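Keep the sequence and the structure open while reading.

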Amino acid sequence: MRNIRITPEDNLSSAIAFLESEKIAPEEEIVITLANGTHKGALMDRIFYNLPNPLTIASESGNAKKCALSGENCEAFHKDTENRAVITFGMECTRVTLRNFTIENTHVKTNDDASLGNQAEAICFHCDKGFLFCEGMEFKSRQDTIHVRGFSHFKNCFVCGDVDFIWGYCDTAIFDGCTLHTIRDNRGDGRPAYVLQSRAKNSRPGFVFINCDFTAEDRGEGAKIFIGRSQGTGKKDSVDRWDSIALIKCRISEKYDSALWTDEGGTRAVYPEKGSALTGWREFGTVVVQSDGTEIPYDAKKQERHGYAMTENDLSILQREIEKTKIR
């Protein structure tokens with residue numbers, strides 16, 4: 001096992017570059033401990049880890065509020081998803097574990113989303129076959145905060161953003177006991193917001209939220225907030241881009257639109273066209289949290305037409321499929 005301690009005065013990118021130069025055996029585990037404080041990346045820089053060695057990065061304190069990895073990056077600075085995050089894990093990764101610190105992309109929007117410059121991931125797990133496990137983490141940005149491929153499991157994490165702030169071409173991404181928080185748009189009130197844009201693998205479970213809280217700030221009069229929207233190009237025979245999101249016993253603020261999902265007025269095709277136990281837009285046991293804190297059962301009839309209300313049997317099918325992925 002290779003152990004490294006990083007202080008805010010050190011440079012995480014330099015430490016990873018040193019590990020790459022060492023050419024250590026691929027099975028040797030690497031453990032990086034972050035001392036308390038804010039670890040700042042260079043402006044418009046990124047941290048990139050692409051070794052097959054199992055990696056753990058954890059805060060020394062065990063408290064995400066006392067330890068942060070902070071930097072500014074975005075599509076306007078570096079083109080393509082794997083280049084615009086604060087930290088990226090590449091295709092050679094096998095097992096990555098992150099515990100008890102904050103990753104924040106400090107980019108602030110300065111133009112319209114249509115200009116394609118605001119995407120600013122905090123983390124990009126750009127690995128189709130690897131496993132990402134995050135516990136007690138906080139992920140902060142505005143647009144595209146978390147991007148995942150392959151398999152991932154987020155436990156007791158906090159994620160915030162305003163447009164597609166969780167997305168990716170995943171097989172299965174589990175969010176267990178997490179808080180997903182929609183924030184105000186720094187450009188002004190009234191703009192719509194979306195937590196998710198799923199581009200999941202063909203016929204795979206996609207993004208699954210279990211016992212999670214969906215909260216939101218006031219985004220101004222007329223601003224609608226949705227759990228998910230479609231990317232619009234998924235098809236029966238496409239490798240990915242399936243609209244697969246499941247909500248299992250989640251609590252959703254009344255600030256979210258009761259339809260939950262949107263095809264943006266029919267301008268974006270949704271596939272599968274109707275949810276099921278394993279794929280599509282689906283929910284089970286959802287409750288709506290009122291402004292006074294009271295909870296009422298969600299009326300599944302209010303779902304957007306592509307949405308699906310799961311049964312107990314559907315839930316069992318999904319749980320068995322998740323177990324096969326062996327995400328721990």
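In this predicted model, Phe207 has Ile245 of strand E23 as its bridge partner. The contact between the two strands is parallel: strand E20, residues 206-210, and E23 pair over four bridges. E23 also pairs with strand E26, residues 281-284, in the parallel sense and again over four bridges. There, the bridge partner of Leu247 is Glu283 in E26.

Are the faces of E23 covered or open? Both faces of this strand, residues 245-248, are covered. Ile245 and Leu247 are buried on one side, and Ala246 and Ile248 are buried on the other.

E20, E23 and E26 belong to an open sheet of eleven strands with parallel pairing. Its order is E1-E2-E5-E8-E11-E14-E17-E20-E23-E26-E29. The edge strands are E1 (2-6) and E29 (308-309), and each of them pairs on one side only. Further along this order, E11 and strand E14, residues 150-155, run parallel and are joined by five bridges.

Another open sheet has eight strands, in the order E4-E7-E10-E13-E16-E19-E22-E25, and its pairing is parallel. At its edges are strand E4 (47-49) and strand E25 (261-262), each pairing on one side only. Within this sheet, strand E19 (residues 193-198) runs parallel to strand E22 (residues 225-229), and three bridges join them. Leu196 has Gly228 as its bridge partner in E22.

| Strand pair | Sense | Bridges | Residue and its bridge partner |
|---|---|---|---|
| E20 and E23 | parallel | four | Phe207 and Ile245 |
| E23 and E26 | parallel | four | Leu247 and Glu283 |
| E19 and E22 | parallel | three | Leu196 and Gly228 |

**Residues in the loops**

Lys249 is in the loop between E23 and strand E24 (251-253). Its phi is near 55°, a positive value in a residue other than glycine.

Asn100 sits in the loop between strand E8 (95-99) and strand E9 (102-105). With a relative accessible area of 22%, Asn100 is partly exposed.

Which peptide bond is cis? The bond from Tyr271 to Pro272 is cis, with omega near 0°. Pro272 lies in the loop between E25 and E26.

His126 is placed in the loop between strand E10 (123-125) and strand E11 (131-135). Why does His126 count as buried? Its relative accessible area is 16%, and buried means under 20%, so His126 falls in that class. Leaving out residues up to four places away in sequence, His126 touches Glu82, Thr88, Phe89, Gly90, Met91, His147 and Arg149.

**A residue in strand E27**

Val289 is part of strand E27, residues 287-289. It has a relative accessible area of 22% and is partly exposed. Apart from neighbours within four places in sequence, Val289 is in contact with Arg251, Ile252, Ser253, Glu254, Thr294 and Glu295. Val289 and Lys65 are 224 residues apart in sequence, and their C-alpha atoms are 26 Å apart in space.

**The chain as a whole**

The chain has two helices and 29 strands. Its radius of gyration is 19 Å, close to the 20 Å that the globule rule gives for 328 residues, so the chain is as compact as a globular protein of that length. The C-alpha atoms fill a box of roughly 60 × 45 × 40 Å along the principal axes.

Of the 328 residues, 55% are buried. Among contacts between residues at least 6 apart in sequence, 72% join residues at least 24 apart. The chain exposes about 13700 Å², and carbon and sulfur atoms supply 48% of that area. The chain has 42 positive and 49 negative charges, and the mean positions of these two groups are 3 Å apart.

Technical notes
Residues are numbered from 1 along each chain as its sequence is written. This is a predicted model: local features need pLDDT of at least 70, side-chain atom pairs count only at pLDDT 80 or more; totals for chains, interfaces and linings use all residues. Side-chain values use heavy atoms; hydrogens and water are left out. Buried means under 20% relative accessible area, exposed over 50%, partly exposed in between (1.4 Å probe, protein chains only). Two strands pair if DSSP finds at least two bridges between them. Contact means heavy atoms within 4.5 Å. The radius of gyration is taken over C-alpha atoms; the globule rule is 2.2 Å times the number of residues to the power 0.38. Accessible areas come from the Shrake-Rupley method with a 1.4 Å probe; for residues, only the protein chains shown count as cover. Lys and Arg count as positive and Asp and Glu as negative; His and the chain ends are not counted. The place of a charge is taken as NZ of Lys, CZ of Arg, CG of Asp or CD of Glu.
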